[in-house]
Amino acid sequence: MNEILNLSPACIWRNFYALTQVPRPSGHLEKVQEFLLEFAKKAGVEAFKDPAGNIVMRKPASAGKENCKGVILQAHMDMVPQKTPESKHNFETDPIEPWIDGEWVKARGTTLGADDGIGVAAIMAVMEDKTLVHGPIDALITADEETGMYGANALPEGELQGDILLNLDSETWGKFVIGSAGGIDIVASLDYKEVETDPEDAALRITLKGFRGGHSGLEIHEGRANANKMMVRFVREAIEDYECRLATWHGGNMRNAIPFKAEVVLTMPKENVEGVKELVAAWKEDLEDEFKGIESGIEFYTEDVDTPRLQVPTEIQDNLISAIYACHNGVLRMIPSYPDVVETSSNLAIINIEGGRADMQILARSSREDMKDYIVKTLESCFNMAGMKIETSGSYSGWDPNPNSEILHTLLGVYKEQNDVDGLVQVDHAGLECSIILGKYPHLDVVSLGPTLRSPHTTTERCLIETVAPFWELLKRALEIIPEK
């Protein structure tokens with residue numbers, strides 16, 4: 001704790017540390033909502049929880065700045081709950097344990113929650129600082145961004161009072177984001193009647209893990225392994241060559257994270273057990289070679305287990321395996337006018353097959369609505385051929401770039417003044433709430449920025465310490481020079 005609190009700027013790190021001590025996984029936000037309301041009360045600013053579960057704070061303008069354009073500072077309160085296999089952390093009750101590792105702040109055994117706890121901490125620092133000079137400020141701290149942007153989607157119209165939106169959820173210092181991809185959740189499901197397993201068969205639990213995982217928007221183009229897509233290659237060969245049958249499959253646990261682990265239970269004739277174990281060892285070597293330079297620490301191993309009484313029927317099994325194999329995963333297309341930025345992608349995030357039910361969850365993203373529709377129909381076609389029911393939800397549009405943004409050029413000017421280098425303007429493939437908020441408040445001038453984070457949505461999530469202080473200095477200066485209406 002003392003290490004974190006000794007970092008500069010103290011106002012941000014103190015608030016960030018306090019936030020890490022409050023459980024706030026997506027879907028369980030009661031404690032952090034109470035924490036933020038109590039903070040606002042102590043800071044002497046107006047605050048309330050809206051019907052969507054968002055926390056809104058309002059700080060009046062400094063003397064003489066009442067006629068300046070109003071600024072909305074926006075971040076999200078929830079965090080992705082991922083932990084290492086050996087961690088016993090309970091995200092609904094336990095605090096995060098941040099620590100300093102050289103130039104980075106990390107967490108012990110879990111995600112850090114700097115996505116977007118650093119943004120929330122910056123908002124808190126602005127709200128409590130009586131020395132800052134600024135026009136009227138609203139703070140919007142949204143609920144359940146990570147699981148479907150529910151807080152932004154249900155944001156009431158007319159609630160916000162500003163002219164400028166500064167989203168504090170970007171993850172590379174010096175880059176100013178002016179556009180982002182839209183997204184949609186796709187669930188493919190199938191109910192089936194299990195069949196009895198041959199009581200003479202043996203069974204193995206087969207685990208594939210140790211991949212890097214990562215953010216399915218920001219890191220989808222890096223060629224990281226998807227555990228579900230890797231597992232299906234092995235399972236298909238085991239079925240074809242060793243008479244294996246699928247009993248269960250569990251892979252991935254977050255729709256917006258590249259899955260780093262998958263686990264299946266297969267049954268097989270007893271005389272084929274050793275052959276399957278040898279196949280696992282061979283596949284481990286193949287995967288290590290295939291992902292050399294990208295993945296390290298791959299684990300692929302078997303455990304003898306009791307033979308389950310029931311398993312997936314052969315025809316259903318083969319259809320499911322074919323659908324998983326055929327399902328598009330990864331980058332589909334880059335943006336023609338921004339060839340270094342992903343336009344359209346999909347992430348086969350979660351597979352659960354057990355007890356007569358198969359569910360597969362995919363998050364598709366695109367900065368073009370027509371291509372988002374295309375990837376959805378591609379995935380629907382794939383799973384329909386397996387007889388699966390398709391449902392979509394949580395659709396949000398992309399954020400169209402505005403290179404003529406006034407606040408963008410203000411921020412670029414301050415950045416150049418403070419750092420003596422030009423800032424970079426970019427469009428992100430990660431989904432940001434800006435597009436949804438713009439749909440309700442189309443007059444807003446919007447830019448997203450933040451200090452440097454790496455590997456959000458994974459247990460190696462980290463925040464680069466040296467970028468937090470300049471981020472804070474830029475934010476303070478930008479608020480000071482916001483022009484009049």
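Me: What does the accessible surface of the protein chain come to?
Reply: Accessible areas here come from the Shrake-Rupley method with a 1.4 Å probe. For the protein chain the total is about 19400 Å², and 47% of that belongs to carbon and sulfur atoms. Keep in mind that this is a predicted model: local features need pLDDT of at least 70, side-chain atom pairs count only at pLDDT 80 or more, and totals for chains, interfaces and linings use all residues. Residues are numbered from 1 along each chain as its sequence is written, and side-chain values use heavy atoms, with hydrogens and water left out.

Me: And what share of the 485 residues is buried?
Reply: Buried means under 20% relative accessible area (1.4 Å probe, protein chains only). Buried residues make up 57% of the 485 here.

Me: How many helices and strands does the protein chain have?
Reply: Both are DSSP runs numbered from the N terminus: helices are H or I with at least four residues, strands are E with at least two. This chain has 12 helices and 23 strands.

Me: Why is helix 4 called largely enclosed?
Reply: Because 14 of its 15 residues are buried, helix 4 is largely enclosed by the rest of the structure.

Conventions:
Buried < 20%, exposed > 50% of the residue type's maximum accessible area, 1.4 Å probe, protein only.
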